[in-house]
Amino acid sequence: MTDVTRPARREVVVESSSARARRRPTGSLIGGEPGSLVGGTGWDAGSTHALNELEPPLSTDVDNQTFGRRLSRFLSRETTGGALLIGAAAVALIFANSPWRDAYETLSQTVVGPASLGPLHIHLDLSLSAWAADGLLAIFFFTVGLELKHEFVAGSLRSPKQAGVPMLAAVGGMTVPAVFYVVAVIALGDSSALHGWAIPTATDIAFALAILAVFGKGLPVAIRTFLLTLAVVDDLLAIIIIAVFYTDAIHGAWLGGSLVVVAVFAWYIRTRRPRWWILVPLFVVAWTFMHASGVHATIAGVLMGFAAAARPIHGETETRTHHYERAVKPWSQGLALPLFAFFSAGVDLVDGGGPAEILSQPVVIAIVGGLVIGKLIGVLGTTWLVTRVTPLRLPPGIGVRDLLPVAFLAGIGFTVSLLISELSFGHGSEHTLGAKAAILIASVVAATLGALTLRWDAKQDRGPDMNRDDLPDEVTTVIGDEEDRKEH
């Protein structure tokens, strides 16, 4: 989640967009650490000299870096994001099933915020769990919007030939789980749960990339690019699903006001010297109006992420999509996602009918099967079919065998799946508890199977033409080598 392609040596292995973004000569504007401008004095986008003063070139001497830079870089890592998500979910699950579970529920349902602002009803009297799902996730979806914008303009999605296989694999990886879910709940006699058909369609980028970074050492970096492209397309389709199928009523005036503010944000973020202390209030106002309109407020975050320029402007050498991703990602991975996981993953398995009753619901079987089996069939089946009946091929260095662990990792639904479960059934309902329990179980199973198959794949002999395009692969960079560690 760069725009300037440089005539360095030809790399046969396709690198991720964030990897290319960091391949810069010493002294370039991208020299700072991820998130290094967080808490800074703003960004003078029009002055490269001013930006260099704010963001000196990256030093390889960790001792010379400030604590803030080291913390930002730590929070931006794939492994850190995944670990924080897992940790927050584990704490929530323990808390929700402990003797203090009533306190957890009380905390989750504590209402904060005004219902009205003068004569205007803005509907911001939300529980803390709703603030986490609607408010904090907007920060995460802003980074998703930045990633999507870059990939469409200058990244892996700009070339249909290059992105065709993972894009189609993403579509298959969403369609098959949805069909599996629908068939399962009907066959098991619980048609009232049909509204949750989209729950097993999502893939959690942070969680999946973290597992790949830890257990995929020695495999070609093209596997990461494939997984990233698949997950990005998955996110885009999930956003469309939320906007189209999980919006009950739309208030046109509020929606129009939000779009106007988004347009102002889009204009200002492209000016020569945008300031964070103007961008943040615009973001908040656009989010508030979108929330009042009835459309899920995270859509505002995506739209404003799309507003950033994905190619250098005003004589800059760094794109603004990368600049803002570096600035916001530590907040997204270090604060927004863990808090959302804490308030969403706390499934009470003690009260009510107990674990047996909750886990025996048809919705549990449908979601676990959809995420683990449906994703596997959808991703692998689509890839196998596309590479055999069309001219499209996998990137150099990887074969269909390598996509077995990718398909399992795609079954880690977590963040967006938890959000869709809330939108499908509401907070605290029987179906919601079952759905959340199923998401946690499926994500653990998928992550475990993904980790095991990654290690198995890494131990297998690799041929000279894994993608069968009749050209040598010439793999030069693998996950976990020195060059890759610098970037991830």
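These questions and answers concern helix packing and one surface patch in a predicted model.

Q: Are helix 4 and helix 13 roughly parallel or roughly antiparallel to each other?
A: Helix 4 covers residues 78–96 and helix 13 covers residues 320–344. Their axes lie 8 Å apart and the helices pack at an angle of about 30°. Angles under 35 degrees count as roughly parallel. Helix 4 and helix 13 are therefore roughly parallel.

Q: Which residues of helix 13 meet helix 4?
A: Helix 4 passes helix 13 in a right-handed crossing. On the helix 4 side, the residues in contact include Gly81, Leu84, Leu85 and Phe95. Their partners in helix 13 are Gln333, Gly334, Leu337, Pro338, Ala341 and Phe342.

Q: Which residues of helix 3 make the contact with helix 13?
A: The axes of helix 3 (residues 67–76) and helix 13 come within 8 Å and cross at roughly 65°. This crossing is left-handed. Helix 13 contributes Lys329, Pro330, Gln333 and Gly334 to the contact, and helix 3 contributes Ser72, Leu75 and Ser76.

Q: How is helix 7 oriented relative to helix 9?
A: Helix 7 spans residues 160–187 and helix 9 spans residues 222–245. The two pack at an angle of about 50°, with their axes 8 Å apart. That angle makes helix 7 oblique to helix 9.

Q: What is the handedness of the crossing where helix 7 passes helix 9?
A: Residues of helix 7 in the contact include Ala163, Val165 and Met174, while those of helix 9 include Phe226, Leu230 and Ile241. As helix 7 passes helix 9, the crossing is right-handed.

Q: What accessible area do Trp276, Trp277, Val280 and Val284 have together?
A: One of these residues, Trp277, is found in helix 11 (residues 276–293). The four residues form a nonpolar patch on the surface. Their accessible area together is about 420 Å².

Notes. Residues are numbered from 1 along each chain as its sequence is written. This is a predicted model: local features need pLDDT of at least 70, side-chain atom pairs count only at pLDDT 80 or more; totals for chains, interfaces and linings use all residues. Side-chain values use heavy atoms; hydrogens and water are left out. Patches are made of residues with over 30% relative accessible area and no salt bridge: like charges are joined within 9 Å, nonpolar side chains (Val, Leu, Ile, Met, Phe, Trp, Tyr) within 5 Å. Accessible areas come from the Shrake-Rupley method with a 1.4 Å probe; for residues, only the protein chains shown count as cover. A salt bridge is a side-chain nitrogen of Lys or Arg within 4 Å of a carboxyl oxygen of Asp or Glu. Helices (H or I, at least four residues) and strands (E, at least two) are DSSP runs, numbered from the N terminus. Axes are lines fitted to C-alpha atoms, for helices over the stretch in contact, and angles run from 0 to 180 degrees between N-to-C directions. Angles under 35 degrees count as roughly parallel, over 145 as roughly antiparallel, 65 to 115 as roughly perpendicular and the rest as oblique. A crossing is left-handed if the near helix is turned anticlockwise from the far one by less than a right angle, and right-handed if clockwise. Contact means heavy atoms within 4.5 Å.
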